[in-house]
Amino acid sequence: MHVAAVLKRKGNRVVAAAPDDTVAAVTRLLTEHRIGAVLVMDDGQPVGILSERDIVRAVARDGAAALDRRAADLMTRDLITGAPTDTVADMMAVMTERRIRHVPIVESGRVAGVISIGDVVKARIDDAELEVESLRGYVAGMG
């Protein structure tokens with residue numbers, strides 16, 4: 001299965017923040033949309049990603065003052081991106097190896113969506129269930 005199929009199933013809505021948005025504003029976005037990370041976009045281009053994990057680390061280090069900081073101060077700037085043509089297995093390997101949970105999917109220089117480790121795991125389980133059903137049908141047809 002390719003990433004394009006995952007995006008087709010889940011949708012390609014991208015929740016984004018601006019580099020100057022406060023971390024408090026980003027936490028409201030995360031809560032409102034029930035997501036674990038937002039892309040930080042500047043002039044329509046992704047410049048970073050800010051996750052719940054990044055925010056928790058900042059709060060643990062700086063206390064409540066972390067909530068007044070800018071998204072750009074805490075975001076991960078070195079974005080790992082994928083393409084719609086990447087396989088789900090490849091994305092799972094990248095996410096595991098790099099220890100990341102969210103990957104922006106870029107097509108023709110534009111963000112086409114974001115996939116999470118949960119999306120990838122769900123796709124792999126769906127594939128496995130389809131394979132099991134196909135094998136059951138095959139074996140039942142032999143009898």
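Q: Is S116 buried or exposed?
A: In this predicted model, local features need pLDDT of at least 70 and side-chain atom pairs count only at pLDDT 80 or more, while totals for chains, interfaces and linings use all residues. Residues are numbered from 1 along each chain as its sequence is written, and side-chain values use heavy atoms, without hydrogens and water. S116 belongs to strand β5, residues 110-116 (helices being DSSP runs of H or I with at least four residues, strands runs of E with at least two, numbered from the N terminus). Its relative accessible area is 18%, and since buried means under 20%, exposed over 50% and partly exposed in between (1.4 Å probe, protein chains only), S116 is buried.

Q: How many salt bridges does the count come to?
A: The rule asks for a side-chain nitrogen of Lys or Arg within 4 Å of a carboxyl oxygen of Asp or Glu. By this rule the number of salt bridges is eight.

Q: How far apart are the closest N and O atoms of R9 and D126?
A: R9 is partly exposed at a relative accessible area of 45%, and D126, at 23%, is partly exposed too. R9 and D126 are also part of a network of salt bridges that includes K122. Within the R9 and D126 salt bridge, the closest N and O atoms are apart by 2.7 Å. The pair joins distant parts of the chain, R9 lying in helix α1 (residues 3-10) and D126 in helix α6 (residues 117-142), 117 residues apart, yet the N to O distance asked for is 2.7 Å.

Q: With which residue does D20 form a salt bridge?
A: D20 is exposed, as its relative accessible area is 56%. The closest N and O atoms of its salt bridge with R70 are 2.4 Å apart. This pair links distant parts of the chain, 50 residues apart, with D20 in the loop between β1 (16-17) and α2 (23-33) and its partner in the loop between α3 (52-62) and α4 (71-74).

Q: What is the N to O distance in the salt bridge of D62 and R61?
A: D62 is partly exposed, with a relative accessible area of 32%, whereas R61 counts as exposed at 56%. Their side chains meet in a salt bridge whose N to O distance is 3.5 Å.

Q: What is the positive phi of R34, which is not a glycine?
A: R34 is found in the loop between α2 and β2, where R34 counts as exposed because its relative accessibility is 78%. Although R34 is not a glycine, its phi is positive, at about 55°.
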